[in-house]
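Subject: Structure handover and findings

Hello,

Here is the structure you asked about. Please open it first, then read the notes below.

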Amino acid sequence: MRRVVRQSKFRHVFGQAVKNDQCYDDIRVSRVTWDSSFCAVNPRFVAIIVDASGGGAFLVLPLHKTGRIDKSYPTVCGHTGPVLDIDWCPHNDQVIASGSEDCTVMVWQIPENGLTLSLTEPVVVLEGHSKRVGIVAWHPTARNVLLSAGCDNAIIIWNVGTGEALINLDDMHVDMIYNVSWNRNGSLICTASKDKKVRVIDPRKQEIVAEKEKTHEGARPMRAIFLADGNIFTTGFSRMSERQLALWNPKNMEEPIALHEMDTSNGVLLPFYDPDTNIIYLCGKGDSSIRYFEITDESPYVHYLNTFSSKEPQRGMGFMPKRGLDVNKCEIARFFKLHERKCEPIIMTVPRKSDLFQDDLYPDTAGPEAALEAEEWFEGKNADPLLISLKHGYIPGKNRDLKVVKKNILDNKPAANKKSDLINAPKKAADASNTQNEAKLDEILKELKSIKDTITNQDERISKLEQQMAKIAD
């Protein structure tokens, strides 16, 4: 790729692996042959798909729990087949979804301080796929909306609050779906498929808005993701098995805006995108490097910045959301690299001399609040992410339990269905306990009042008796 010396504050992005004692050691990373990242992180937890005998499991570790992880450490292990993909809910740092070979999607609520016992009961089980589920992706702006894609070539969009499949796109793909990506406001999705097509789909109208055949000529898996400006970035292989990356405008998919050839390695390139800085990080499965590129409006559009190299190949990779980074150290990305037996954080920083907050590196970023409720999105509304400033660092809110604000459909169904009522349960429980507490408080106050009255009466009696005694003594 042609290197052009040009002005960019990200030209000197510097990657560094943390020291050994800050890694997560002795983890048996899953050996499933599936091209997902096997790792998901948020400002509280890191989740890693692990090898599990007789089923599927993943570890959920609080970020600070570094060092050697005991073999008996509790896992999330409700699936009967290997877990293929996991994704943290962007609107609740304690809720994670998992897709598995057992054809189900499960949604889990992790206790605030992490697991003390293995978790086998999901809050809700989503059943609708007829083959293994290899992709799960939460909606970026609507609460409780989850997308799953399986090897039955179907994409299902769920309302997690009611446990229902509300949109089923089962006739758009004739071959295996490699990945699915939401756009910035969640109005469209784009998919990369084994038939070498990239499709842009409007899920609510259930129609294909744009598609491109032979996006990359090679037969190996490709990836497609939406960028903040609505363009699509793809990675794939040429006919000669060279790895390629390309940039497309969905309004005109005839020719790519940019197409670059990279190298002849055979690992699938997983793209991780930061919409705030417009940087794309490419992590090849089995590579030992992370390449990063800046996307701009001027030719050649995709600018190579640098490569972070290490000795060990990566089995998978987690990517921290912006609000989980340390703004005081000018950290602009943090990766969680999976080795055979450990997870190693890698920190990307922009060297700056000043200790002040660098607002050019940290524009307002997507916060943890949902802009829409699930029902509003299904009715056709769109909304951009609600942004927060990172000026004073991100302070996580307390106990943001998943909850459905509107009346849940499941309330009218028999009690047997109540277990899928995710997400009202914590709220109802809280309301019930509040009412009980208030009732107890009232009782105690009444008792106190009656005790006070009794004491006052006794005081009066005692003083009368004392007066009588005094008279008798006189």
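Which residues do ring pairs link into a cluster? They are Phe272, Tyr281, Tyr292, Phe319 and Phe335. Rings of Phe, Tyr and Trp (its six-membered ring) pair if their centres lie within 6.5 Å; planes under 30 degrees apart count as stacked, over 60 as edge-to-face and the rest as tilted.

Before the rest, the ground rules. This is a predicted model, with residues numbered from 1 along each chain as its sequence is written. Local features need pLDDT of at least 70 and side-chain atom pairs count only at pLDDT 80 or more, while totals for chains, interfaces and linings use all residues; side-chain values use heavy atoms, with hydrogens and water left out.

**Aromatic pairs**

The count of aromatic pairs comes to 13. Take tryptophan 182 and tryptophan 377. Their ring centres are 5.7 Å apart and their planes stand at 80 degrees, so this pair is edge-to-face. Tryptophan 182 lies in strand β16 (residues 177-182) and tryptophan 377 in helix α1 (residues 374-378), so the pair ties together parts that are 195 residues apart in sequence. Helices (H or I, at least four residues) and strands (E, at least two) are DSSP runs, numbered from the N terminus. Tryptophan 182 counts as buried at 10% relative accessibility. Tryptophan 377 is buried too, at 0%. Buried means under 20% relative accessible area, exposed over 50%, partly exposed in between (1.4 Å probe, protein chains only).

Now tyrosine 281 and phenylalanine 319, both from the cluster. The ring centres of tyrosine 281 and phenylalanine 319 are 5.8 Å apart, with planes at 50 degrees, so the pair is tilted. Tyrosine 281 belongs to strand β25 (residues 279-284) and phenylalanine 319 to strand β28 (residues 316-319), so parts 38 residues apart in sequence are tied together. Tyrosine 281 is buried, at 0% relative accessibility.

**Nonpolar cores**

A nonpolar core is a set of buried Ala, Val, Leu, Ile, Met, Phe, Trp, Tyr and Cys residues joined through side-chain atoms within 4.5 Å. The largest one has 40 residues. Ile27, Val46, Ile48, Phe58, Val60, Ile110 and Phe336 touch the most other members. Strands that each supply at least two residues include β3 (39-41), β4 (45-50), β5 (56-62) and β29 (331-338). β4 gives the largest share, six residues. A second, separate core has 25 residues, among them Phe272, Cys283, Ile290 and Val327.

**Sheets**

Two strands pair if DSSP finds at least two bridges between them. β4 and β5 are joined by six bridges. Isoleucine 49 has phenylalanine 58 in β5 as its bridge partner.

Another open sheet of four strands runs β8-β9-β10-β11, also with antiparallel pairing. β8 and β11 (124-127) are at the edges with a single partner strand each, so one side of each has no neighbour in the sheet. Four bridges pair β10 with β11. Threonine 104 stands opposite glutamate 127 in β11.

**A hairpin**

β20 (residues 223-226) and β21 (residues 232-237) are antiparallel and joined by four bridges. They form a hairpin with five residues between them. Glycine 230 in the turn has a positive phi of about 95 degrees. From β20, Arg223 and Ile225 point one way and Ala224 and Phe226 the other; all are buried. Alanine 224 has threonine 234 as its bridge partner in β21.

**A buried lysine**

Lysine 322 lies in the loop between β28 and β29. Its relative accessible area is 9%, so lysine 322 counts as buried. Beyond four places in sequence, lysine 322 is in contact (heavy atoms within 4.5 Å) with residues including Asp274, Asp276, Tyr362 and Leu390.

Best wishes
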